[in-house]
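Please look over the structure below together with its sequence before reading the notes that follow. They are arranged by topic, from the whole chain down to single residues.

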Amino acid sequence: MKIIDDICASIAGNAKKRINDSFIGTFICSWIVCNWNHLSLLFWGEGKVTERISIFYNYLSETPKWEWNHVFTIPLVIAIGYLFIFPWLSMLINFLQHWANE
């Protein structure tokens, strides 16, 4: 049982490290926001678990490449915007507030 505990601890540590990475964590959160409707059907939809997993798998695998906006493109743009544009926008707002207060 020690081997199984070590494997589980390794997987949990690796997953925690990846989620705490700023880009991957932001991308996962934005992906969940963009695909909430399919995820909610996956977890709380009607039917057996295997049927819901099959429907979710079909959604991911049968989406044509040029229609990947909700699957990949929009969450990627949100993550990049949040990580790279938002800090500059925040600095600009702080500068304007400081300038207005003086």
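The model is a predicted one, and its protein chain has 5 helices and 0 strands, so that the order along the sequence reads α-α-α-α-α. Of the 102 residues in the protein chain, 18% count as buried.

**The chain as a whole**

- Among the contacts in the protein chain with a separation of 6 or more, 54% are accounted for by residues 24 or more positions apart.
- The accessible surface of the protein chain comes to about 8,600 Å², and 70% of this surface belongs to carbon and sulfur atoms.

**Helix α5**

- Helix α5 covers residues 69-101, and its end C-alpha atoms span only 42 Å, whereas a straight helix of 33 residues would span 48 Å at 1.5 Å a residue.
- A kink of about 40 degrees lies in α5 at Ile 85, shortly before the proline Pro 87.
- The buried residues of α5 are Val 71, Pro 75, Ala 79 and Gly 81, and the partners against which the buried residues of α5 pack are α2 and α4, the latter being residues 49-62.

**Helix α2**

- Helix α2 runs over residues 22-34; with 13 residues, α2 reaches 18 Å from its first C-alpha to its last, which is close to the 18 Å expected at 1.5 Å a residue.
- The buried residues of α2 are Gly 25, Thr 26, Phe 27, Ser 30, Trp 31 and Cys 34.

- Ser 30, which lies in helix α2, counts as buried because its relative accessible area is 5%, where buried means under 20%.
- When residues up to four places away in sequence are not counted, Ser 30 touches Pro 75, Ile 78 and Ala 79, and of these Pro 75 and Ala 79 are listed among the buried residues of α5.
- Val 71 is found in helix α5 and has a relative accessibility of 11%, so Val 71 too counts as buried.
- Leaving aside neighbours within four places in sequence, Val 71 is in contact with Trp 31, Asn 35, Tyr 59, Leu 60 and Thr 63.
- The C-alpha atoms of Val 71 and Trp 31 are separated by 7.1 Å, although the two residues are 40 residues apart along the chain, and Trp 31 is one of the buried residues of α2.

- Phe 95 has its place in helix α5, and Phe 95 is classed as exposed because its relative accessible area is 54%, the cut-off for exposed being over 50%.
- A nonpolar surface patch of about 880 Å² includes Phe 95 and is made up, together with that residue, by Tyr 82, Phe 86, Leu 89, Leu 92, Ile 93, Leu 96 and Trp 99.

Definitions and conventions: Residues numbered from 1 in each chain as written. Predicted model: local features only at pLDDT ≥ 70, side-chain atom pairs only at ≥ 80, totals over all residues. Heavy atoms only, no water. Helix = DSSP H or I, 4+ residues; strand = E, 2+ residues; numbered from the N terminus. Buried < 20%, exposed > 50% of the residue type's maximum accessible area, 1.4 Å probe, protein only. Contact = heavy atoms within 4.5 Å. Patch = residues over 30% accessible without salt bridge, like charges linked within 9 Å, V, L, I, M, F, W, Y side chains within 5 Å. Areas by Shrake-Rupley, 256 points an atom, 1.4 Å probe, with all protein chains shown as cover. Salt bridge = Lys/Arg side-chain N within 4 Å of Asp/Glu carboxyl O. Expected span 1.5 Å × (residues − 1). Bend = angle between axes of the 7 residues up to and from the residue.
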